[in-house]
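Please keep the sequence and the 3D view open while you read.

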Amino acid sequence: MICKISGKHSAQKINHLHVNGAEVTAVSDIVNTLGETFSGSSSDHCSTPFKSYRQNAEKNSISFTSNNTESYNNPFSMDELTNAVSKSYNTAVGSDLIHYQMLKNLPDSAMDTLLGAVNYIWATGNFPPEWHLATVIPIAKPGKDSTDPTSYRPIALTSCLCKVMERMINTRLVWYLEKLKLITPVQSGFRKQRSTTDQLVRLEIFVREAFVNKQHTVAIFFYLEKARHYLEIWYHERFIRCRSLW
């Protein structure tokens with residue numbers, strides 16, 4: 001009722017889908033159809049050699065041992081944990097039903113236990129099984145046919161605890177990369193105090209300079225279909241495997 005008063009309406013229920021001229025009405029069949037559509041979209045555009053290489057690479061076991069003594073391999077501190085928790089938003093929970101508000105109101109003793117668990121995972125690479133799971137919510141794309149399975153984009157709800165640890169790792173690595181200036185200065189995405197506006201300004205400068213100097217400006221733009229879905233899959237896979245590289 002409060003959501004309705006606030007103008008927030010829940011997504012409409014998916015009553016049926018059309019697949020190859022057939023109507024899918026059973027809830028389990030709708031779920032399986034959407035699942036197959038989402039899982040297939042991440043690899044449909046891959047070349048056959050890449051698919052073969054990926055299948056062979058995924059068969060190799062991951063080694064989490066490292067002799068690297070860089071600071072980013074050190075155990076996490078309580079300040080890093082509390083900072084990551086404080087920067088979290090009240091998003092939906094994952095399959096473990098642990099909410100960010102629960103983490104923000106933990107007593108000191110529980111935070112110590114949580115920090116110990118995070119450092120254990122960081123040192124051993126033994127991820128909780130729940131962190132490999134996600135609750136996928138299909139969201140209809142505006143103006144698309146609601147009976148077409150490809151008209152939905154998946155929103156994956158993962159563990160808030162897992163995302164807290166991801167934020168801790170990301171903060172540490174970004175700090176390291178920025179400190180050593182290992183990121184190209186022309187990159188604006190995924191960096192603090194930078195945005196797409198920076199690139200638009202750079203493009204405008206190039207165009208204006210070309211007009212003044214009576215030259216040409218050549219630009220190439222790439223359109224990535226289902227880019228957000230690919231990035232979510234890429235980030236999740238790299239997080240699972242990143243410890244072997246660090």
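Arg191 and Glu178 form a salt bridge, with their closest N and O atoms 2.9 Å apart. A salt bridge here is a side-chain nitrogen of Lys or Arg within 4 Å of a carboxyl oxygen of Asp or Glu. The pair links distant parts of the chain: Arg191 sits in the loop between H7 and helix H8 (196-212), while Glu178 sits in helix H7, 13 residues apart.

This is a predicted model, in which local features need pLDDT of at least 70, side-chain atom pairs count only at pLDDT 80 or more, and totals for chains, interfaces and linings use all residues. Residues are numbered from 1 along each chain as its sequence is written, and side-chain values use heavy atoms, with hydrogens and water left out.

The protein has 9 helices and 4 strands. Helices (H or I, at least four residues) and strands (E, at least two) are DSSP runs, numbered from the N terminus. From the N terminus on, the order is α-β-β-α-α-α-α-α-β-β-α-α-α. Of the 246 residues, 24% are buried. Buried means under 20% relative accessible area, exposed means over 50%, and partly exposed lies in between (1.4 Å probe, protein chains only).

How many salt bridges does a search of the whole structure find? It finds 3. Side chains of opposite charge can pair when their charged atoms come close. The table lists the pairs.

| Pair | Closest N to O |
|---|---|
| Arg191 and Glu178 | 2.9 Å |
| Arg208 and Glu204 | 2.9 Å |

Now take the pairs one by one. Arg191 has a relative accessible area of 10%, so Arg191 is buried. Glu178 has 32% relative accessibility, so Glu178 counts as partly exposed.

Is Arg172 buried or exposed? Arg172 is buried because its relative accessible area is 10%. Glu80, at 24% relative accessibility, is partly exposed.

The axes of H4 (residues 78-86) and H7 come within 9 Å and cross at roughly 115 degrees. That makes H4 roughly perpendicular to H7. Axes are lines fitted to C-alpha atoms, for helices over the stretch in contact, and angles run from 0 to 180 degrees between N-to-C directions. Angles of 65 to 115 degrees count as roughly perpendicular, under 35 as roughly parallel, over 145 as roughly antiparallel, and the rest as oblique.

The last pair is Arg208 and Glu204. Why are they separated by about one helical turn? Because they are 4 residues apart in helix H8. Arg208 is exposed, with a relative accessible area of 54%, whereas Glu204, at 39%, is partly exposed.

Back to the H7 region. Leu177 lies in helix H7 (residues 160-179) and is partly exposed at 31% relative accessible area. The loop between H7 and H8 includes Lys192, which is exposed, with a relative accessible area of 68%. The C-alpha atoms of Lys192 and Val174 are separated by 9.5 Å, and the two residues are 18 residues apart along the chain.
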